[in-house]
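Thanks for coming. Please have the sequence and the model open.

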Amino acid sequence: MDLFTILLAVLIGGAGAWLALKVKVPGGAFLGPVVTVAAYQVCVGNLPLRITGLRLGVQIAAGIVIGSNFAGVSLESLKKLLKPTLAVSAIMVVGGLLNALVVHYATGFDVLTSILSTSFGGQTEMVLISESIGAEKETVLVMQLIRMQMVLLVILQITRIYLAVKAKKKGALENE
Amino acid sequence: MNRLWPAAAGIAGGVLFYSLGIPAGGMVGALLGTSVAQVLCKNKLVIAYRVKIGVRVLLGIFVGMGITIEGLAKVQHILWPALINIGNTIVITTIATLVLTKVFKWNFTDAILSSMPAGLSEITMNAEDMGADTVLVTTIHLFRFVSILTIIPLIIKFFI
């Protein structure tokens, strides 16, 4: 185990995370280190970390962190929301797979890369899966990144504007 | 000690799914184990925000170490696939929103925020800002995550 390489990777990744969070990049805690560590590897040299079980440890940590978000969910609330939850999940899973088919045939991406690039799972998680099965993780990362940023920076903001205009019109009607 | 049961369930699930050869089985198993335990256990595992950030940073470092020049070179022709993906995302979001508003009679704000496939923390913050029901929105998104992160690796393992 190379302690210097570990410290260097943590330093470079930490710097990337700090910068991305400072600039308030959505998903910056993940994206920042990806960019800085990848940039170091491309420009300077590889940072090989041969720690047994690193991949498994990283995956388990990610799964526990996501799963911990269920702290606020109770069986009662699940029962009430079962049908809409299943409906949305089904639309997202099936929609994502159809999306993958379209991308695969229109662009020539391999099937695995198409599925992982277009699935509506977390950006981090899709890249982790692509890393473990040999899909083109750089393509998955960029496709997921573009989708995520587009949803947050465009669709969400349009929705905000629409709701604000709607609220104003409602207020104007009530005042008449 | 009871609060660590969800974490223990996560580790057990992660090891099990990893040994079954499921793609990213460590993550999928840990996610399922922890989330089931969280719903069923009285004492919940609460992970501090800094720890969550720390895990994301470690994930970023891990993924960054796997990025190569050859892989990056393949990304230069991403515009057309990205546009197709964005267009389809808009269609799917619209369909989900329509189902929630027309079939389940949800209000538009809750419906659209529940249908947007973005990061959980970003959507939850915006839901609070926009006066949506954050419990509703969070539950839908958590299930979306769990469904996709479970089903997609299984599809890859058994059908592709």
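Predicted model: local features only at pLDDT ≥ 70, side-chain atom pairs only at ≥ 80, totals over all residues.

What does Glu125(A) form a salt bridge with? The partner is Arg56(B), and the closest N and O atoms of the two are 3.3 Å apart. Arg56(B) has a relative accessibility of 25%, so it counts as partly exposed. The pair crosses between chains: Glu125(A) sits in helix 6 of chain A, and Arg56(B) in helix 3 of chain B, which covers residues 49–64.

The next pair also involves both chains. Asp129(B) and Arg160(A) meet through their side chains in a salt bridge, at 3.1 Å from N to O. Asp129(B) lies in helix 7 of chain B, residues 120–129, and Arg160(A) lies in helix 7 of chain A, so this pair too joins two chains. How accessible is Asp129(B), buried or exposed? Its relative accessibility is 60%, so Asp129(B) counts as exposed. Arg160(A), at 27%, counts as partly exposed.

How many salt bridges are there between chain A and chain B? The count is two. Over all chains, a search of the whole structure finds three.

One salt bridge lies within chain A. Glu131(A) pairs with Arg55(A), and their closest N and O atoms are 2.8 Å apart. This pair links distant parts of the chain, with Glu131(A) in helix 6 and Arg55(A) in helix 3 of chain A, 76 residues apart. Glu131(A) is buried, at a relative accessible area of 17%. The cut-off for buried is under 20%, so the value for Glu131(A) falls on the buried side. Arg55(A), at 34%, is partly exposed.

Now to the interface as a whole. On the chain A side, 96 residues are in contact with chain B, and on the chain B side 90 residues take part. The area buried between the two chains is about 8,600 Å², and carbon and sulfur atoms give 81% of that. Which three residues supply more than any other three of the area that chain A buries against chain B? They are Phe70(A), Phe120(A) and Glu138(A), and together they supply 8%.

On polar contacts, 19 residue pairs are counted between chain A and chain B, with both residues at pLDDT 80 or more. Several helices of chain A give two or more residues to the side that touches chain B, among them helix 1 (3–22), helix 2 (28–43), helix 5 (111–118) and helix 7 (137–175). Which helix of chain A gives the most to that side? Helix 4 does, with 20 residues. By residue class, the side of chain A that touches chain B divides into 62 nonpolar, 25 polar and nine charged residues.

One more residue on chain A deserves a look. Ser68(A) is found in helix 3 of chain A. With a relative accessibility of 4%, Ser68(A) counts as buried. Its side chain reaches the backbone oxygen of Val65(A) at 2.7 Å. Which residues is Ser68(A) in contact with, leaving aside its neighbours within four places in sequence? They are Thr34(B), Gln38(B), Leu45(B), Ile47(B) and Lys52(B).

That brings me to chain B itself. How many helices and strands does chain B have? There are eight helices and zero strands. Read from the N terminus, the elements of chain B run α-α-α-α-α-α-α-α. The C-alpha trace of chain B spans about 50 × 40 × 35 Å along its principal axes.

Of the 160 residues in chain B, buried ones make up 56%. Among contacts in chain B with a separation of 6 or more, 46% are between residues 24 or more positions apart. The accessible surface of chain B is about 7,500 Å², and carbon and sulfur atoms account for 70% of it.

Conventions. Residues numbered from 1 in each chain as written. Chains lettered and ligands numbered in written order. Heavy atoms only, no water. Contact = heavy atoms within 4.5 Å. Buried area = accessible area lost by both parts, 1.4 Å probe. Salt bridge = Lys/Arg side-chain N within 4 Å of Asp/Glu carboxyl O. Polar contact = N/O pair within 3.5 Å; in protein donor to acceptor, adjacent residues only side chain to side chain. Helix = DSSP H or I, 4+ residues; strand = E, 2+ residues; numbered from the N terminus. Nonpolar A, V, L, I, M, F, W, Y, C, P; charged D, E, K, R; others polar. Buried < 20%, exposed > 50% of the residue type's maximum accessible area, 1.4 Å probe, protein only. Areas by Shrake-Rupley, 256 points an atom, 1.4 Å probe, with all protein chains shown as cover.
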